[in-house]
Amino acid sequence: MIRSDESGRQATILHADLDAFYASVEQRDDPDLRGRPTIVGGGIVLAASYEAKRCGVKTAMNEWRALKLCPHAVVVPPRFEAYTEASRAVFDIFDDTTPLVEGISIDEAFLDVGGLGRVSGTPEAIAAQLRAKVRERVGLAITVGVARTKFLAKVASGVGKPDGLLVVHPDRETEFLYPLPVERLWGVGPVTASKLNERGLMTVSDVAGLSEAGLVAMVGQAAGRQLHALAHHRDPRPVVIGKRRGSVGSQQALGRSRRSPEELETLLLGIVDRVTRRLRSGHRVGRTVVLRLRFADYTRATRSHTLAWSTAATEPLGAVAVTLLRAAMPLIEAQGITLIGMAVANLSNDATVQLTLPFGRRQRDPFVPLAEHETDTLDRALDDLRERFGSAAPTRASLLGRRPGMQMPMLPDVVPTD
């Protein structure tokens, strides 16, 4: 784990939060939804656009109730692959901004920009640049709060929504925080808020006027201590990084020239080779293969398949990727392709992989074209040669040309998921 340094009294922590994330991705990808109240879900509201929120629609609300409040809303099914792809693109921008990034969820993160003043400007300027990059590169609005602590930065982003930038200067923290309702305090949900409101505590200022012992008696020891600290601007937690990524992937832009299916398969196999080498060098294995495509009209699509076991072997992961690509060829031929990518998700450490019987060959699984110990031996030999003589020294025959007998096999029973 790497922790950010204490920033003293400077407002150097950013909380970046994508606005109505799922719904915004849907509106970005479907022009007909822009400006219209949009609900993502099926039975339960997973996300609502700000047009729907203005009607009273909230996350986790029953769909029938949401439509009663907003009868002209458009309900669309969730596309989790699209949200994951957008999240990765945004987090790439975070990583380009500062090495100190702590992801909180798929659509929000803390960033510590202390020490970047001479390189990138003030925290406010960095936040403005980040927002512009997310808008330009990913096509989404993001709100950023800037403050001295993580708590205040998160509150600032909440107050600044939608599509805003709010800086809480250290000498104005009390002025900013005290008028806010108690629900803005971390850990205050409906039950705790009700307890506080019943005792006449409506704002953060009201909570700050109580002693720690009084709050503990009211809401319990852990919650009482936390509320007392937050109401007095105390939040010593630094931005912490070091969490391992949930997937490993690579992609390649293709321009607008038409590509034959054989060319696309060759390019994809090269990407698979790079990704699996990265997996093995990091001692990681994965189960889910994700194919990413971008088309000439800037729309995107993903296809995925999850294996029954975890592996970092090139052969089975490449076979799945090629099968997914072949299944997507009608869409590619109709729309034209400008980017192709592949990732492996559902990762774990390779030391945790458990052998299955019979050892060596998985008789019942059609995804393994060779005995697993044979593919592992080949992969290790190639990795050793590349380490000694460079990455281009040995090359798989499948990457030299699509000669008969050298193609990856078409695998049965692979059902791409949107």
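Colleague: Which strand is D112 in?

Modeller: D112 is in strand β7; helices (H or I, at least four residues) and strands (E, at least two) are DSSP runs, numbered from the N terminus. This is a predicted model, where local features need pLDDT of at least 70 and side-chain atom pairs count only at pLDDT 80 or more, while totals for chains, interfaces and linings use all residues. Residues are numbered from 1 along each chain as its sequence is written, and side-chain values use heavy atoms, with hydrogens and water left out.

Colleague: Is D112 buried or exposed?

Modeller: D112 counts as buried because its relative accessibility is 3%. Buried means under 20% relative accessible area, exposed over 50%, and partly exposed in between (1.4 Å probe, protein chains only).

Colleague: How far apart are D112 and V239?

Modeller: In sequence D112 and V239 are 127 residues apart, and in space 6.3 Å, C-alpha to C-alpha.

Colleague: Back to β7. Which strand does it pair with in the antiparallel sense over 5 bridges?

Modeller: That is strand β2 (residues 13-18), paired with β7 (residues 108-112). Two strands pair if DSSP finds at least two bridges between them. H15 is set opposite F110 in β7.

Colleague: What is the strand order in the open sheet of 5 strands?

Modeller: The order is β6-β7-β2-β8-β9, and the pairing is mixed. β6 (101-105) and β9 (165-167) are at the edges with a single partner strand each, so one side of each has no neighbour in the sheet. On average, neighbouring strands of this sheet are turned by 15° against each other, direction ignored. The axes are lines fitted to C-alpha atoms, for helices over the stretch in contact, and angles run from 0 to 180 degrees between N-to-C directions.

Colleague: And the open sheet of 3 strands, what order does that have?

Modeller: That order is β4-β3-β5, again with mixed pairing. β4 (45-48) and β5 (74-76) are the edge strands, each pairing on one side only. From one strand to the next, the twist averages 30°. β3 (residues 38-41) and β5 are parallel and share 3 bridges, and T38 has V74 as its bridge partner in β5.

Colleague: What about β14, how many of its residues are buried?

Modeller: In β14 (residues 337-345), 9 of 9 residues are buried. β14 runs antiparallel to β11, with 7 bridges between them, and Q252 stands opposite I340 in β14. β12 and β14 are also an antiparallel pair, over 8 bridges, with V290 bridged to A343 in β14.

Colleague: Changing topic: how many aromatic pairs are there?

Modeller: There are 8 aromatic pairs. Rings of Phe, Tyr and Trp (its six-membered ring) pair if their centres lie within 6.5 Å; planes under 30 degrees apart count as stacked, over 60 as edge-to-face and the rest as tilted. One of the pairs is F80 with Y83, edge-to-face at 5.9 Å centre to centre and 90° between the planes. F80 and Y83 are 3 residues apart in helix α4 (residues 80-97), so about one helical turn separates them.

Colleague: Which residues form the aromatic cluster?

Modeller: F21, Y22, F80 and Y83 form one cluster.

Colleague: Last topic: how much space lies in the largest pocket?

Modeller: About 1,400 Å³. A pocket, on a 1 Å grid over the protein atoms alone, is an open set of points where a 1.4 Å probe fits, with protein on both sides within 12 Å along at least five of seven lines; lining residues have an atom within 4 Å of a point. Grid points are joined across faces, edges and corners, and a volume is the space filled by probe spheres set on the points.

Colleague: How many residues line the largest pocket?

Modeller: The lining has 46 residues, and S87, R88, A89, F91 and D92 lie nearest the centre of the pocket. The largest share of the lining, 12 residues, comes from α4.
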